[in-house]
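Thanks for coming, everyone. I have one model to walk through today.

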Amino acid sequence: MLSSQNGIRICQIQMKKNLSFKSSSKNPTLTVISDACSLILLAKATVLEILANEVRIVTSPSVYHETVIKGEERGYPDALIIKKLASQKMIEIIQLKRKRAFGVTLGEGEKEILALAQEIKFDLLLLDDKKAINVSKSLNLPFTISPKIVVNLAQKEKIGKEKAIQALEILRIEGRYSPDIIAEALLRLR
Amino acid sequence: MSTNTTIRLNEEVLSYVNQAAKQQGLSKAAYLKCLIKRGIEQERKEQALKQYSKGEITITEAAKHTDTDLWTFLNYLKEENENLNVDLSDWKLAKNL
């Protein structure tokens, strides 16, 4: 009897969890720390806003400067997408508590987001740079890359297959992603 | 501050420099300075691209080495028909959302 009541309680809790998950499309537990290149590439691929609706995107002041301030100075319209999302707090800019060294030279933005990964709770680092990925691997920090984000958004039905194909094409042409990776990503969409 | 330096040029190069300087209404020295400056800029871009492609520097470091920004460096990759340095091994290890 007792175990049956417990079973019902567990079932009720599970139902509540399912309901609360369905009521909000955003997964509040998932935090993604993004580098500058990934923000630019996903903005160009027109999926950054969709990602920002799904997860908590966090980045650093240097990344904001590189993507928004410099992008605006140079007249890149995609910089305005990042700016808008940051102003709406859909991209959070977090100031580092202290600087860290990683034993290799890195750009300011990469240094800051890798340091941020050691200061805050997060789920994934979003990186589109080999050297930063290598540092992430050496520190056992989980990472992902922009084409995988596009595939994941399609798999979770947050974007349609056509939109995903278009986004991957933009990542190949404008984002300079290697055709090998784009081919793998397209295979995953089938 | 600028200092003097001397270089020896062969006849063919010197003849070209004289002719091009005249066409552009510049002194030989001014034209040579201009050529050297452009050559250095190009060399820095090529070196940054080479180091970036090998994964020796990050994309923002590469942009800094070329006195530009990330947006412009991405355009430079496109102009040079070069790819990002992320490869298939990174794709395989990249986690899902």
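Predicted model: local features only at pLDDT ≥ 70, side-chain atom pairs only at ≥ 80, totals over all residues.

Everything I quote is computed from it.

Start with the overall makeup of chain A. Its secondary structure comes to ten helices and five strands. Chain A has 190 residues, and 44% of them count as buried. Now take the contacts in chain A between residues at least 6 apart in sequence. Of those, 66% join residues at least 24 apart.

Next, the sheet. In what order do the five strands of chain A lie? The order is β3-β2-β1-β4-β5, in an open sheet with parallel pairing. The edges are β3, residues 91-93, and β5, residues 143-144, and each of these pairs on one side only.

Look at two of the pairings. Strand β1 of chain A covers residues 31-34, and three bridges join it to β2 of chain A, residues 56-59. Within that pairing, A:Ile33 has A:Val58 as its bridge partner. Then move one strand over. β2(A) and β3(A) are also joined by three bridges, and they run parallel. Here A:Val58 has A:Glu92 as its bridge partner.

Now helix α2 of chain A. Is it enclosed or open? Nine of its nine residues are buried, so α2(A) is largely enclosed by the rest of the structure. The buried residues include A:Ala36, A:Cys37, A:Ser38 and A:Lys44.

The largest nonpolar core has 70 residues. Among those with the most contacts inside it are A:Ile40, A:Leu42, A:Val150 and B:Leu70. Which helix gives the most to this core? Helix α2 of chain A, residues 36-44, does, with seven residues. Take A:Leu42 as an example. Leaving aside neighbours within four places in sequence, A:Leu42 is in contact with A:Val47, A:Leu48, A:Leu51, A:Ser146 and A:Ile149. In soluble globular proteins, nonpolar side chains tend to be buried together.

Next, helix packing around α10 of chain A. Two partners here.

Among the α9(A) residues here are A:Lys161, A:Ile165 and A:Arg172, and they face α10(A) residues including A:Pro179 and A:Leu186. By class, this contact divides into nine nonpolar, no polar and two charged residues.

On to the contact between the chains. How many residues does each chain give? Chain B gives 27 and chain A gives 39. On the chain B side, the elements that give two or more residues are α3 (59-65), α4 (70-79) and α5 (88-93). The largest share of that side, six residues, comes from α4(B). By class, the chain B side has twelve nonpolar, seven polar and eight charged residues.

Last stop, B:Thr66. You will find B:Thr66 in the loop between α3 and α4 of chain B. Is B:Thr66 buried or exposed? It has 20 C-beta neighbours inside 10 Å, so B:Thr66 counts as buried. Leaving aside neighbours within four places in sequence, B:Thr66 is in contact with B:Arg44, B:Lys45, B:Ala48 and B:Phe73. B:Tyr16 is 50 residues away from B:Thr66 along the chain, and their C-alpha atoms are separated by 28 Å.

That is my tour.

Notes: Residues numbered from 1 in each chain as written. Chains lettered and ligands numbered in written order. Pairing = 2+ DSSP bridges. Helix = DSSP H or I, 4+ residues; strand = E, 2+ residues; numbered from the N terminus. Contact = placed C-beta atoms within 7 Å. Nonpolar A, V, L, I, M, F, W, Y, C, P; charged D, E, K, R; others polar. Core = buried A, V, L, I, M, F, W, Y, C linked by C-beta atoms within 7 Å. Buried ≥ 20, exposed ≤ 12 C-beta atoms within 10 Å, placed from the backbone.
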